[in-house]
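Good morning, everyone, and thank you for making time for this.

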Amino acid sequence: MRRLIVSSCLALVACQGPSEAPAPSAASDVANAPSAVAAGISADTLLAAIERLASDEFEGRAPGSSGETLTVAYLTDQFQALGLDPGNPNGTWVQNVPLVGITPADGDTMTITGGGQSREYQPGVDYVAYTKRVVDEVEIDAEFVFVGYGAVAPEYDWNDFKDVDVAGKILLFLVNDPPSDTLFGGDAMTYYGRWTYKHEIAAAQGAAGALVIHETGPAGYPWEVIGSSPYGESFDLVADDRNMSRAAIEGWIQRDATAALFEMVGLDFEAEKAKAAAVDFQPVALGVTGRTRVRNTLRTIDSQNVAALLPGSESPDEVVLYMAHWDHLGKDDSLTGDQIYNGAADNATGTAGLIELARAFTQGELPRRSVLFLAVTAEEQGLLGSRYYGENPLYSAAQTVAALNMDVLNQWGRTRDMTVVGMGQSALDDVAAEVAIRLGRVLNPDPEPEKGFYYRSDHFSFARVGVPAFYADPGVDYLDKPAGYGLEKRDEYTNNDYHAVSDEVKADWDLSGALDDLTLMYQMGAGLAASDDWPEWSATSEFRAIREQQRPPQ
Ligand SMILES: [Zn+2]
């Protein structure tokens with residue numbers, strides 16, 4: 001789901017990390033050195049797996065589709081052929097992930113009434129509303145309350161709700177953290193900034209609805225990603241209460257539609273938004289109501305995570321885990337022309353990379369710790385497969401050394417750098433930095449920590465249960481390419497192919513950079529699997545306390 005949009009980091013030196021990254025002079029080594037790709041990893045096998053996974057036959061790999069059946073069978077065959085063991089201790093290659101698929105019916109608009117006026121907002125255009133409740137229909141007719149950023153953060157003495165009762169209201173949230181140099185991670189986003197947090201806190205406050213106001217800059221992606229993306233079936237894990245504790249409707253509202261709604265009662269959205277930056281912000285009951293109905297068709301399915309294990313020679317109970325999400329958005333019969341979201345870059349590349357890593361491990365020295373290769377489902381639906389694993393681990397979190405995630409590999413040639421998302425979170429950064437130096441490469445921090453990418457892919461599902469988790473994006477500093485090439489390609493992908501049917505294998509792909517990145521990932525995991533170290537979260541990490549509880553300091 002996540003996508004890094006880089007716009008400000010033009011020169012290598014400008015993105016240099018403060019401490020971890022080696023000096024730029026080390027970077028030039030990679031330009032002269034022959035590529036030191038780990039044995040077992042090759043462009044031919046990587047591309048073959050990507051092409052298979054991204055083929056039309058796999059129909060965009062939607063959870064619960066025939067594309068899932070083909071994907072799971074393909075991955076199982078690949079891991080089996082490499083001589084790995086079934087990754088589930090029950091002797092199978094899969095972990096069942098029970099999901100509910102919720103398909104909202106078309107047709108309902110939202111009637112907005114206030115200030116003596118009434119208008120109809122169009123779903124997909126002005127707002128997106130869905131329900132996570134496992135019911136056929138929800139109906140709401142309630143007042144909008146603007147709750148600013150909606151953060152309840154006792155550690156910062158911050159509570160946007162004050163003592164205002166917002167039960168039964170439709171809450172409008174600003175995206176991201178309250179802006180502050182000193183609170184909420186400074187420039188970096190905390191979990192309070194994520195839209196998922198806002199939907200969760202709305203439920204905790206007993207709200208009827210929770211809509212996050214979409215603004216392109218702060219959200220990190222254009223409205224089209226929300227407005228057009230799966231307005232068809234979406235999935236959730238099946239909670240015991242059938243998700244009845246969630247707000248009746250959740251979703252997003254477009255920025256201009258929000259401003260128009262404020263204007264109906266003579267309020268200026270930007271002025272109200274500015275007030276929300278202050279700790280003394282008070283929720284604003286808008287005196288405008290929204291009425292809509294969401295009707296659902298429901299089905300429950302078992303989707304599957306695929307798991308393959310290379311047992312360790314000395315400490316088989318200690319596990320180093322690699323993961324990539326195999327799923328993508330499926331197909332949409334309502335489209336004319338191409339209907340298949342092939343998800344070649346996102347994330348056939350990472351899934352194929354998982355197979356390459358597995359092959360590298362079978363050709364290297366047998367690791368003393370076990371290595372688990374986990375291809376997770378339903379990432380695009382909100383990290384569901386990884387979250388399910390985190391809550392129902394096949395190997396306990398306390399015995400899991402690290403989780404290393406891949407989501408979209410480099411398709412455009414070799415780079416000097418890799419971009420570490422959430423740099424500074426854990427000692428895994430040091431492990432990566434050591435490997436990078438050996439390979440003559442550099443690590444740079446995510447230039448946009450304010451967008452909270454660390455909370456937006458599957459590694460977060462491990463972080464939240466305490467397992468140190470590492471995620472790196474492809475670099476942007478390309479060998480033999482003009483300055484700015486990497487950002488140009490990245491913007492091209494974001495604007496044209498991200499979550500679009502055109503995310504297909506392209507004739508001009510150059511996977512040499514992906515081989516370098518996979519080699520770095522391999523060396524990291526191989527080092528961890530050969531050692532008896534337990535990398536820790538940093539002192540400032542919000543996940544450190546959980547880890548210390550599950551693995552008390554010696
Ligand atoms: Zn992805």
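Helices, in what follows, are DSSP runs of H or I with at least four residues, strands are runs of E with at least two, and both are numbered from the N terminus. With that in hand, look just after α12, where Gly440 takes a positive phi of about 70°. Please keep in mind that this is a predicted model, in which local features need pLDDT of at least 70 and side-chain atom pairs count only at pLDDT 80 or more, while totals for chains, interfaces and linings use all residues. Residues are numbered from 1 along each chain as its sequence is written.

Let me stay with helix α12, residues 428–438, where the buried residues are Leu428, Asp429, Val431, Ala432, Ala433, Val435 and Ala436. Buried here stands for 20 or more other C-beta atoms within 10 Å of a residue's own, exposed for 12 or fewer, and partly exposed for anything in between, with C-beta atoms placed from the backbone. Among the elements that cover these buried residues of α12 are the strands β18 (400–406) and β19 (417–420) and the helix α15 (512–530).

Turning to the whole chain, the protein is divided into domain 1 (12–98 + 302–550) and domain 2 (102–298), with bounds that come from an automatic or database domain assignment. The C-alpha centres of domain 1 and domain 2 lie 32 Å apart. Where they meet, 16 residues of domain 1 are in contact with 17 residues of domain 2, contact being C-beta atoms, placed from the backbone, that lie within 7 Å. On the side of domain 1 that touches domain 2, the largest share, three residues, comes from helix α11 (residues 384–391).

Next, consider a pair of helices, α3 (residues 43–53) and α10 (residues 344–363), whose axes come within 8 Å and cross at roughly 135°. Those axes are lines fitted to C-alpha atoms over the stretch in contact, and angles run from 0 to 180 degrees between N-to-C directions. The two helices are therefore oblique to each other, since angles under 35 degrees count as roughly parallel, over 145 as roughly antiparallel, 65 to 115 as roughly perpendicular and the rest as oblique. Residues making this contact include Leu46 and Ile50 of α3 and Ala348 and Ile355 of α10.

Terms used
Two residues are in contact if their C-beta atoms, placed from the backbone, lie within 7 Å.
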